[in-house]
Amino acid sequence: MTILGIESSCDETAAAVWADGSILSNIIASQTIHEQFGGVVPELASRAHHKTIWKTVDQALREADISLDQVDSIAVARGPGLIGSLLVGLSFAKGLSISQERPIIGVNHIDAHMYANFIEHEEVYPFLALIVSGGHTRLVQVDELFSHKVLGKTRDDAAGEAFDKIGKLLNLDYPAGPIVDKLSKEGDPAFHDFPRSMINKGLDFSFSGLKTSVLYYTQEKGEEFVQQNLNDICASVSAAITDVLHVKLKRAVKKTGVKNIMVAGGVSANSMLREKVEEMAQKMDLHLMIPSIQYCTDNAAMIAITGALKAREGRYDDLQIKPFARLA
Ligand code: ATP
Ligand code: MG
Ligand code: FE
């Protein structure tokens, strides 16, 4: 079976081909137009998707050495995300579905971040997933394919959003997460003790207090101090965020007794988080799944594999499917 995956939920136009258990191509066109605005501008995002989508899909097919006729079904992200952006990918997929007479499969972008792990890891159940992306932070127990139980979620900002907003306070470019990560490697995580909100209780998360704390800290210390100690401040921020994330995951493991764990979403690319979770998995004798970097942030390979899993279950959609902005 051959699946074409299409992703356009935010500011990445992406296409990938999955065939019989492997990813044959994974093309990502990241939009650069938003950098000057310090965040994604929805209207500009949909226009940019519109401009690049055909080229991106064409390139994915070429690189996979597959013709459109060989595609058995088209998997496409239908949400959550920006409606205008999702509509471009979804409409394009519907067009292909009609012209090629192949079924369409609508894929939940957040599920896809999680199932991206099955590109490189054996499928195992049950597992606990820590999903940490730009817009979401949740702990999910998955007992079998597509049977998800939310154990905890953020009450305000997502982990990636925290990295990005705090990075903005530190005058870093958007998205700041990867830059904070890079600078942290040269810094001291114990330089300043930023708050770890809700770390001692429950499985929910909160990151807005940390953001406020960094704001006050930078105002109090002044710009010069911040620039001189940027690496140390970034490391301290990364330490605060990743401490909370891995402690909550550990608590979920203890609470549920589930031994298979996974980390997913853009923030799973974070080096400090990866180290902490790897150490924890070793100490507690857990089976850890974490995607290689290329499958952490938005990509279409994750859409294609999730489409393949749905196709295996016969879960196809019809042309009436609509995009959705938020998770139910
Ligand atoms: P969602 O998936 O919730 O709809 P999204 O698609 O925008 O949101 P992703 O693509 O999964 O989010 O992840 C992007 C986020 O990951 C950004 O907030 C970015 O800063 C963050 N991120 C990426 N790499 C790193 C890193 N190495 N360290 C920390 N954060 C990172
Ligand atoms: Mg993005
Ligand atoms: Fe995402």
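Two residues are in contact here if their C-beta atoms, placed from the backbone, lie within 7 Å. Keep that cut-off in mind, because the buried residues of helix α7 pack against α5 and α9. The model is predicted.

**Stop 1: helix α7**

Select residues 208-221, which form α7. Check the length of the helix. Its 14 residues, at 1.5 Å each, should span 20 Å, and the end C-alpha atoms are 20 Å apart, so the two agree.

Now colour the buried positions of α7: Leu-210, Lys-211 and Val-214. They cover an arc of only 100° around the axis, which puts them on the same side of α7. The spacing fits a general rule. An α-helix has 3.6 residues a turn, so residues three or four places apart point the same way.

Turn to the face of α7 that points away from the buried side. What does it carry? Thr-212, Tyr-216, Gln-219 and Glu-220 are there, and they are exposed.

Step just past the end of α7. Gly-222 has a positive phi of about 90°.

**Stop 2: α5 against α7**

The axes of α5 and α7 are 10 Å apart, at an angle of about 10°. That makes α5 roughly parallel to α7. Show the side chains of the contact. From α5 come Ala-162, Lys-165, Ile-166 and Leu-169. From α7 come Leu-210, Lys-211, Val-214, Leu-215 and Thr-218. The contact of α5 with α7 divides into six nonpolar residues, one polar and two charged.

**Stop 3: α5 against α9**

On the α5 side, select Ala-159, Ala-162, Phe-163 and Ile-166. On the α9 side, select Val-237, Ile-241 and Leu-245. The contact of α5 with α9 has seven nonpolar residues, no polar and no charged.

**Stop 4: Phe-127**

Is Phe-127 buried or exposed? With 21 other C-beta atoms within 10 Å, Phe-127 is buried, because the cut-off is 20 or more.

Which residues does Phe-127 touch, leaving aside neighbours within four places in sequence? Select Val-142, Val-258, Asn-260, Ile-261 and Met-262: Phe-127 is in contact with them.

Finish with a distance. Draw a line from the C-alpha of Phe-127 to that of Leu-288. The two are 161 residues apart in sequence and 9.5 Å apart in space.

Key:
Residues numbered from 1 in each chain as written. Chains lettered and ligands numbered in written order. Predicted model: local features only at pLDDT ≥ 70, side-chain atom pairs only at ≥ 80, totals over all residues. Helix = DSSP H or I, 4+ residues; strand = E, 2+ residues; numbered from the N terminus. Nonpolar A, V, L, I, M, F, W, Y, C, P; charged D, E, K, R; others polar. Expected span 1.5 Å × (residues − 1). Buried ≥ 20, exposed ≤ 12 C-beta atoms within 10 Å, placed from the backbone. Arc of directions from axis to C-beta. Axes fitted to C-alpha atoms, helices over the stretch in contact; angles between N-to-C directions. Parallel < 35°, antiparallel > 145°, perpendicular 65-115°, else oblique.
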